[in-house]
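I opened this structure to look up its aromatic rings and its nonpolar surface. These are my notes.

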Amino acid sequence: MLRPRREDEKPSVTFFNKFARYFGMLMTLVYVALGLFIIFMDEEQYNLDMSQTARTIFGGTLILYGLIRFVRAYQVNSKSRRDR
């Protein structure tokens, strides 16, 4: 059974916590890069049957999602650093 953490106890930093932190930051970059790629890709080279408007909306959504993930990851990381 889990017990509540006391105020004087510091949270332990495990390998999984570090991995999850860096993986979250990496995924933010992947979403933003994928959004930019979809918006600016060459239609003739990549046979994607989407209009420019649909590509812009989809790419913009990916960029926005990547930025939201970055803000959330930054808030969690800065909170965990303050708790140490």
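I began with Phe15 and Phe19, which are four residues apart in helix H1, so about one helical turn separates them. The model is predicted, and I read it as such.

Next I checked exposure. Phe15 is exposed, because its relative accessible area of 70% is over the 50% cut-off. Phe19 counts as partly exposed at 46% relative accessibility.

Then I followed the helix on to Phe23. Phe19 and Phe23 make a stacked aromatic pair, with 5.9 Å centre to centre and 15° between the planes. They too are four residues apart in helix H1, so the separation is again about one helical turn. Helix H1 covers residues 15-40, and Phe23 is found in it. At 41% relative accessibility, Phe23 counts as partly exposed.

How many aromatic pairs are there by the rule of ring centres within 6.5 Å? I noted five. One of them is Phe15 with Phe19: the ring centres are 6.4 Å apart and the planes are at 20°, so this pair is stacked. The angle decides this, because planes under 30 degrees apart count as stacked.

I put the pairs together. Phe15, Phe19 and Phe23 form one aromatic cluster.

Last, I looked up the surface. Which residues make the nonpolar surface patch of about 670 Å²? I listed Phe15, Phe16, Phe19, Phe23, Leu26 and Val30. The cluster residues Phe15, Phe19 and Phe23 are among them.

How values were computed
Residues numbered from 1 in each chain as written. Predicted model: local features only at pLDDT ≥ 70, side-chain atom pairs only at ≥ 80, totals over all residues. Heavy atoms only, no water. Patch = residues over 30% accessible without salt bridge, like charges linked within 9 Å, V, L, I, M, F, W, Y side chains within 5 Å. Areas by Shrake-Rupley, 256 points an atom, 1.4 Å probe, with all protein chains shown as cover. Salt bridge = Lys/Arg side-chain N within 4 Å of Asp/Glu carboxyl O. Helix = DSSP H or I, 4+ residues; strand = E, 2+ residues; numbered from the N terminus. Phe/Tyr/Trp six-rings, centres within 6.5 Å; stacked < 30°, edge-to-face > 60°. Buried < 20%, exposed > 50% of the residue type's maximum accessible area, 1.4 Å probe, protein only.
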